[in-house]
Amino acid sequence: MKELKSIILYFENKINIYDFFNPTLLKHFFYVIGHVLLHFVNTSLDKGEFPDALKTSTIIPIPKIANTSKAEEFRPINTLPTFEKLIERAVYEQLVEYFDKNKLLFTNQSGFRKNHSCESALQLTVTKFKREIDGGRYVVAVFLDLKRAFETIDRNILLTKLRCYGIGGNVIKWFESYLTDRKQKVKYNNVLSDEVSSEFGVPQGSVLGPLLFLIYLNDIVNYCDCDFVNLFADDTLVACYDTDLDKCIQKMNKALEILEKYFNTNKLKHI
């Protein structure tokens, strides 16, 4: 109950007009319905099942430009039920603890992680490059940006990677349930579209989505035949060092060929 209370208090005090059971209400009535919520969360975890009723996302198109009617000038905001985020937060805390305790996440990943930021990623890069340049070596770097990364994740590959990190039993069963049979609908001008199945990706706007993406991309370092790799979520920096510029470029071209195969195998699109 103590953990559940801390999870609910963590939520921002926002009233979601598309979800009746919003965090504000849960905080107000926690002492009355806390035991029911606790049973709800623990039942999901004990059975290894994620409730089907919580697997539907509602997408709200928000215009980036006033009075526009062009689809490309809208930003799709993904909204999820508060109860879904409640269960996800409980799983998230345990999953982060497991990966941190066993030091499974790549050290040079600065995205979506506690005590990491754009600044820490930049400082690491500048320090590394400065040291090599001061040592008389050339630095050849390539910056890769993944296109619609969260939406192209192959869920079967993600589950395989979770198993490789030692996640099994009821836990992997829960993740299978969480990722399968997901649906989404669009709400625009108070009109709802029909639901459609979502077969790829992790839910946008979810608590678990960013962490699952980091896990999905975590093994990229094993396929980088270069001297330095630095990640910030889906932004990837690879670099090669050498006293001979031509050799440095050759090393980079070889590294990019290997990365091309990695991205294709994992169904990730880069630009």
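Predicted model: local features only at pLDDT ≥ 70, side-chain atom pairs only at ≥ 80, totals over all residues.

Student: Where does D181 lie in the chain?

Tutor: D181 sits in the loop between helix 8 and strand 4. Just after helix 8, D181 has a positive phi of about 55 degrees. Also look across to P51: D181 and P51 are 130 residues apart in sequence, yet their C-alpha atoms are 11 Å apart in space.

Student: What about T68, is that one buried or exposed?

Tutor: The cut-off for buried is under 20% relative accessible area. T68 has 13% relative accessibility, so T68 counts as buried. You'll find T68 in the loop between strand 1 (56-63) and strand 2 (74-79).

Student: Which residues is T68 in contact with, if I skip its neighbours within four places in sequence?

Tutor: Those are P63, E73 and F74. With E73 there is a polar contact too: the two side chains are joined at 2.3 Å.

Student: Okay, let's zoom out. How many helices and strands does the protein chain have?

Tutor: The protein chain has ten helices and nine strands. Its C-alpha atoms fill a box of roughly 70 × 50 × 30 Å along the principal axes. Of the 271 residues, 43% are buried. Now take the contacts with a separation of 6 or more: 69% of them are accounted for by residues 24 or more positions apart.

Student: How should I think about what goes inside?

Tutor: Here's the general idea: in soluble globular proteins, nonpolar side chains tend to be buried together. In this model, the largest nonpolar core has 59 residues, and L95, F175, L208, L212 and I215 are those with the most contacts inside it. There is also a second, separate core of five residues, including F129, F228, L237 and A239.

Student: Can you show me what L208 touches?

Tutor: Leaving out residues up to four places away in sequence, L208 touches E88, V91, Y92, L95, W174, F175 and Y178.

Student: How do I read two helices that pack together?

Tutor: In general, two packed helices are described by the angle between their axes and the distance between the axes. The crossing is left-handed. On helix 4, the contact is made by E84, I87, E88, V91 and L95, while helix 8 brings W174, F175 and Y178.

Student: Which residues of helix 8 are buried?

Tutor: I172, W174, F175, S177, Y178 and L179 are the buried ones in helix 8. Their cover includes helix 3 (30-47), helix 4, helix 7 (155-164), strand 4 (182-188) and helix 9 (209-217).

Student: And at what angle do helix 4 and helix 9 pack?

Tutor: About 30 degrees, with the axes of helix 4 and helix 9 10 Å apart. So helix 4 and helix 9 are roughly parallel to each other. Helix 4 passes helix 9 in a left-handed crossing. Y92, L95, V96 and F99 of helix 4 make the contact with L211, L212 and I215 of helix 9.

Key: Residues numbered from 1 in each chain as written. Heavy atoms only, no water. Helix = DSSP H or I, 4+ residues; strand = E, 2+ residues; numbered from the N terminus. Buried < 20%, exposed > 50% of the residue type's maximum accessible area, 1.4 Å probe, protein only. Polar contact = N/O pair within 3.5 Å; in protein donor to acceptor, adjacent residues only side chain to side chain. Contact = heavy atoms within 4.5 Å. Core = buried A, V, L, I, M, F, W, Y, C linked by side-chain atoms within 4.5 Å. Left-handed = near helix turned anticlockwise from the far one by under 90°. Axes fitted to C-alpha atoms, helices over the stretch in contact; angles between N-to-C directions. Parallel < 35°, antiparallel > 145°, perpendicular 65-115°, else oblique.
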